[in-house]
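Please look through the sequence and the coordinates before reading on.

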Protein chains: 2
Amino acid sequence: MKTIRNKFVLLAIAIAGLTTAYAQDPLPSWNDTASKKAIVAFVAKVTKEGSPDFVPAAERIATFDNDGTLWCEQPMYFQLLFALDRVKALAPQHPEWKTKEPFASLLKGDVKGALAGGEPAIAKIVMVTHAGMTTAEFEKIVSDWIATAKHPKFKRPYTECIYQPMVELLAYLRANGFKTFIVSGGGIEFMRPWTEKVYGIPPEQVVGSSIKTKYEIRDGKPVLMRLPEINFIDDKAGKPVGINQHIGRRPIAAFGNSTGDQQMLEWTQAGDGARFMLLVHHDDAAREYEYGAEGKIGVFTPALMDLATKSGWTVVSMKNDWKTVFAFENK
Amino acid sequence: MKTIRNKFVLLAIAIAGLTTAYAQDPLPSWNDTASKKAIVAFVAKVTKEGSPDFVPAAERIATFDNDGTLWCEQPMYFQLLFALDRVKALAPQHPEWKTKEPFASLLKGDVKGALAGGEPAIAKIVMVTHAGMTTAEFEKIVSDWIATAKHPKFKRPYTECIYQPMVELLAYLRANGFKTFIVSGGGIEFMRPWTEKVYGIPPEQVVGSSIKTKYEIRDGKPVLMRLPEINFIDDKAGKPVGINQHIGRRPIAAFGNSTGDQQMLEWTQAGDGARFMLLVHHDDAAREYEYGAEGKIGVFTPALMDLATKSGWTVVSMKNDWKTVFAFENK
């Protein structure tokens, strides 16, 4: 009787142990490689009271780039795909676009031709699709688009083209007292309508590029009109500026994937105490995209790779470090 | 024996009742007038699940002006007093100021003469005292000043010249799931070094006016240099712009004291569902200041009073609605 009871006790302990081990892996979509180990070790040391690396919860600020870090950015930035869809939707109200670049090429289906005009062409497309309405109207346009549009390759809503390991990482950091922010070159008002639902990041924790807005009374009601004028570009050296302006504290952890994130990681690293910097390397042609060294947006240059090595930044190989890239793979 | 025990029980219940009543008044520095009742009624209805006015916690955004709403703004904005002190401290490095306005008047102790040049004079003073250093250097300058400088009338540190009823209100709202923000015309970097300690408002929940900053590498280390160029004025019609840019959600409650807050209150009120707007009226010459109708900073014009009445905004009479103005009164 006693032996049987002991066996039950041992079995119970074993089951409890298994359950705990399972419940304790907060990053199940990460392979058990050096990247995951580095993340877990960092979180352990900054959250352990009495540790020399301990950081009070209020200062556990983690910033994440969005395009290419939290969600896919190929075949081009999703916000640009949004803008192209908007040009098509608005074309009937703009007969002049038939002979005016970059709109003429675009409406003929020649995206490459339309974008051949470079930054000024993109700026024209962005301004006609992002300005000239109230903030509330723009929010509705974005919400409607994101609810219906699908990624050309994955045939899934864009909000499903998010990296499952990074979604787990966001939740893991928050469970450890971190406040998670998006710090993206993308438009702040393009992200806010869906980041809370998709990433658990509320609007007030989204930092991004913006156009100017103006407070007006329209039909007796106050509105904020979106003006065709750049307010702030939250990219490259703009990221530390945006972080300081918006958050007012230096992050202790920063996550990016491209040269656009370099300064954010440098700024993060230059603070006192324990720091964690990570770059996602897109080397997975089978499950996502393989960028190669040059010539694509969100480029991960050899110089950036050298800097990451020299600086002790964690470089995630999507191919080797991630068990799952997109949650829909497992469906 | 039984009777005695019963008496003890009754006494214990009575004491418990008193303790509970005391513990349950989260606004002890407020008199039991209509203003306090309106605040409590608003919080009750937006936090009661199932109520038609219920607001989910994530959307319980409350914005507070700072100067004249959370802390005193007389005899002039404290940030201006800071700037004047800085001019004196920097004068030895600037011999040319002896003959250059507004500095010459200022250094002779003629503050009124120095400020006679109006906005341009103030801008000159602000730029030489607020720009030309890194963000870290400026933070240290502000922290040192706020730790030592004293209010000319109250002979107390400026961080004690805060309105105790408003400090209680901030805590009361947070205890009810609200996220509290400062939305001030004052400098964002002037407030952030002390708002967490003084008001419980972390840097990332401070919105304010700002100058431009630039990311640079200095002696091999990244810094943000403060440039002598205005970035954003968070006042009047700028407040809804700043709120949208920074918070990305419309507040459901807004607190101010002057014409500089009018648009913030209008923007707050124009949202759907239950709303609460409050203005602090400085009518207490004995304990703080009595502004009168016109001619002072932070002016509460008759037009603003009319608007408040017409719009159903709560107007706090410091004299009648506040039992205590400053915590130091009770010491």
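How much area do chain B and chain A bury between them? In this predicted model, the two chains bury about 2900 Å² between them, and 49% of that area is on carbon and sulfur atoms. Three residues, Glu204(B), Tyr215(B) and Gln245(B), supply 23% of the area that chain B buries against chain A, more than any other three residues. The contact draws on 36 residues of chain B and 36 residues of chain A.

**Polar links across the interface**

Six salt bridges are counted between chain B and chain A. In one salt bridge, the side chain of Glu196(A) meets that of Arg249(B), at 3.2 Å from N to O. Across the interface of chain B and chain A, 25 residue pairs are in polar contact, both residues of each pair having pLDDT 80 or more. On the side of chain B that touches chain A, the elements giving two or more residues are strands S2 (179-187), S3 (206-218) and S4 (221-232), together with helices H9 (188-199), H10 (238-246) and H11 (262-269) of chain B. By residue type, this side of chain B divides into 17 nonpolar, 10 polar and nine charged residues.

**Relation of the two copies**

Chain B is superposed on chain A by a rotation of 180° with 0.0 Å of shift along its axis, and the RMSD is 0.0 Å. The two copies are therefore related as by a two-fold rotation axis. Both copies use the same surface, since 100% of the contact residues of chain B recur in chain A. Of the residues of chain B, His246(B) comes closest to the rotation axis, with its C-alpha at 3.3 Å.

**Chain A as a whole**

Chain A contains 13 helices and seven strands. Its C-alpha atoms fill a box of roughly 90 × 50 × 40 Å along the principal axes. Of the 331 residues of chain A, 52% count as buried. Among contacts in chain A between residues at least 6 apart in sequence, 65% join residues at least 24 apart.

**Selected sites in chain A**

Helix H9 (residues 188-199) of chain A is mostly covered, with nine of its 12 residues buried. Among the buried residues of H9(A) are Phe190(A), Met191(A), Arg192(A) and Trp194(A). Just after H9(A), Gly200(A) takes a positive phi of about 75°.

Two further residues of chain A lie in other helices. Lys239(A) lies in helix H10 (residues 238-246), and Val126(A) is found in helix H6 (residues 118-130). Their relative accessible areas are set out below.

| Residue | Relative accessible area | State |
|---|---|---|
| Lys239(A) | 0% | buried |
| Val126(A) | 24% | partly exposed |

Lys239(A) counts as buried because its relative accessible area of 0% is under the cut-off of 20%. The side chain of Lys239(A) makes a polar contact with the side chain of Asp65(A), at 3.0 Å. Leaving aside neighbours within four places in sequence, Lys239(A) is in contact with residues including Asp65(A), Val183(A), Ser184(A), Asp261(A) and Met264(A).

How far apart are the C-alpha atoms of Val126(A) and Met166(A)? These two residues are 40 residues apart along the chain, and their C-alpha atoms are separated by 28 Å.

Terms used:
Residues numbered from 1 in each chain as written. Chains lettered and ligands numbered in written order. Predicted model: local features only at pLDDT ≥ 70, side-chain atom pairs only at ≥ 80, totals over all residues. Heavy atoms only, no water. Contact = heavy atoms within 4.5 Å. Buried area = accessible area lost by both parts, 1.4 Å probe. Salt bridge = Lys/Arg side-chain N within 4 Å of Asp/Glu carboxyl O. Polar contact = N/O pair within 3.5 Å; in protein donor to acceptor, adjacent residues only side chain to side chain. Helix = DSSP H or I, 4+ residues; strand = E, 2+ residues; numbered from the N terminus. Nonpolar A, V, L, I, M, F, W, Y, C, P; charged D, E, K, R; others polar. Least-squares fit on C-alpha atoms with pLDDT ≥ 70 in both. Buried < 20%, exposed > 50% of the residue type's maximum accessible area, 1.4 Å probe, protein only.
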